[in-house]
Amino acid sequence: MKYIRHITSVLVIILIAVLAAGTIIEKLHGSDFARIHVYGAWWFVGLWALMAALLVFMMVKGRMWKRWAVCGLHLSILFILLGALLTMLTGQHGRMKLEPNRPNSHFFIQEKGEITKEALPFSLTLDRFEIETYPNSSKPKDYVSYLQLNDGETHQDVVISMNHILKHKHYRFYQSDYDDKGNSILDIARDPWGIGVTYAGYALLFVALAAILYEQRKTVKAVTISWVAVLVVLMVVLHIRMLTHTLMPVLRSPLFSIHISTIVTAYALLLGVLVVGIIALIRPKNLTRMERLKSISTAMLYPAVALLAAGIFIGAIWANISWGNYWSWDPKEVWALITLLIYAAPLHEKLWKSFQKPLFFHIYGILAFLSVVITYFGVNLILGGVHAYN
C-alpha cells in the first residue's frame, strides 16, 4: 500500500500543477487553445483515468464497502468522471441564429478551429425576440425568444429565455445572445448519456457528504449545524438581493443564491482553519495545545470541504441550465477544483500520515489558504473568465 500512497501523492501534485498551468495558458493563448491542448488532450484524460483506476484500487484494497458513506463518496467521483468522459465522447455543443419568420433546422459546431454544419430533426421559427427590462430602467432583465417548433408530427409555440430552456428530442436550446437586427442566437447542447450519469454522481455525492458529516464526532456535528444555519441565513439574504436588485439576466436564478452562499460559507470555514493554524504556531512546542487546535481545525475542515464540493457541483448544475455545459474549464471553476483537492488531502490521514502530525497539519492549513485567495480574488483580478463578475 506504501507505493500506492506515493503514486497517488505524485499524481495529485501533477494534476494540481496541470490544472493551475491550464488557467495560465488560457490567459495567454485563449480558452480554445487551452481546451484543445490541455483540457481536451489525450494525456489530460489519461491523468484522470489513472486517478480513477487508483481510486477503484483503493476502494477494493481498503474495503470501503464496509463504510457505505465513504464508499458512496468515492463512487460518486467515479460516476462524475465517467459522465464527463461520456459528454466528451458523445456530446455536441453548437450555436444557431434564428431570423424572424424564417424556419431553421441547422446549427453549427466549432471544434479545433473548424466549423461544421449539423442538421436538426425538426425546425424552429422565430416569431419575435424581446428584451425585457427592469421597471423604470433600460437595463435588461431577460432576453426572450418566442418560437414555433415543427417536427413533422407536432407544431407548437415555445418560449426560450435566460434560465428557461427548450428540451426536445435530446436537444437543449439556451438563449445565448442577439444582434441589432432582431435575430436571436441560441446555444445548442445534445448530451444523451453524459448528463444522466453525471447527475447521478452529483446526487450520490450530496447524499454521501451528508452521511459522512452525520457519522462524525460530536464536535464536527456541532460546527456543521452552526454553519448550516449561517448558510441558510446567507441564502435568504442573497435571494432577497436577487429579487430587489438589477442583476444581469443569467444571474436571476434560485441556484445563484444557493451556489454563492454555499461557496462563501465554505471559504469562511477555511479562513477559520487558517486562523487556528496561525494561533497554533504561536506556541508550537506545546503538543497538547497543538493537538486540541488540530481537532478544532478538523471540525471546521469536514463541513468546509463538504460545502465546497456541494457548491462547486451546484454551480455545475446551474451552468448546465443556463449555458448547456455543466463544466467549461473556466479559470474559477478550475481553481475551485484545485482548492477542493488541496483541502481534501488532510482528511485522508490514513493515506498521508504526515497530516497526523499537528505541526505539519497547521502549516499545511496556513499555506493551503493561498488557493482560496487565488480562487476568490486572483481569478477576478488576473485570470478573468465568465466568473469575473463575481
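Author: V273, L301, Y343, P346, F361, Y364 and G365 line the largest cavity. The model is predicted: local features need pLDDT of at least 70 and side-chain atom pairs count only at pLDDT 80 or more, while totals for chains, interfaces and linings use all residues. Residues are numbered from 1 along each chain as its sequence is written, and side-chain values use heavy atoms, with hydrogens and water left out.

Reader: What makes a space a cavity, and what makes a residue part of a lining?

Author: On a 1 Å grid over the protein atoms alone, a cavity is a set of points where a 1.4 Å probe fits but cannot get out, and a lining residue has an atom within 4 Å of a point. The search of the whole structure finds 1 cavity of 30 Å³ or more. About 40 Å³ of space lies in the largest cavity, where a volume is the space filled by probe spheres set on the grid points.

Reader: How do the residues of that lining divide by class?

Author: The lining has 6 nonpolar residues, 1 polar and no charged. Ala, Val, Leu, Ile, Met, Phe, Trp, Tyr, Cys and Pro count as nonpolar, Asp, Glu, Lys and Arg as charged, and the others, Gly among them, as polar. Helix α10 (residues 358-383) gives the largest share of the lining, 3 residues; a helix is a DSSP run of H or I, at least four residues, numbered from the N terminus.

Reader: Why is α8 called oblique to α10?

Author: Helix α8 (residues 287-323) and α10 pack at an angle of about 45°, with their axes 9 Å apart. Angles under 35 degrees count as roughly parallel, over 145 as roughly antiparallel, 65 to 115 as roughly perpendicular and the rest as oblique, so α8 is oblique to α10. Axes are lines fitted to C-alpha atoms over the stretch in contact, and angles run from 0 to 180 degrees between N-to-C directions.

Reader: Which residues of α8 and α10 meet?

Author: M290, E291, L293, K294, S297, T298 and L301 in α8 meet P358, L359, F361 and H362 in α10, contact meaning heavy atoms within 4.5 Å. This contact has 6 nonpolar, 3 polar and 2 charged residues.

Reader: What makes α5 and α8 roughly antiparallel?

Author: Their axes come within 10 Å and cross at roughly 155°; α5 and α8 are therefore roughly antiparallel to each other. The contact of α5 with α8 has 17 nonpolar residues, 1 polar and no charged.

Reader: How is α4 oriented to α5?

Author: The axes of helix α4 (residues 68-90) and helix α5 (residues 194-215) come within 7 Å and cross at roughly 160°. That makes α4 roughly antiparallel to α5.

Technical notes:
Helices (H or I, at least four residues) and strands (E, at least two) are DSSP runs, numbered from the N terminus. On a 1 Å grid over the protein atoms alone, a cavity is a set of points where a 1.4 Å probe fits but cannot get out, and a pocket is an open set with protein on both sides within 12 Å along at least five of seven lines; lining residues have an atom within 4 Å of a point.
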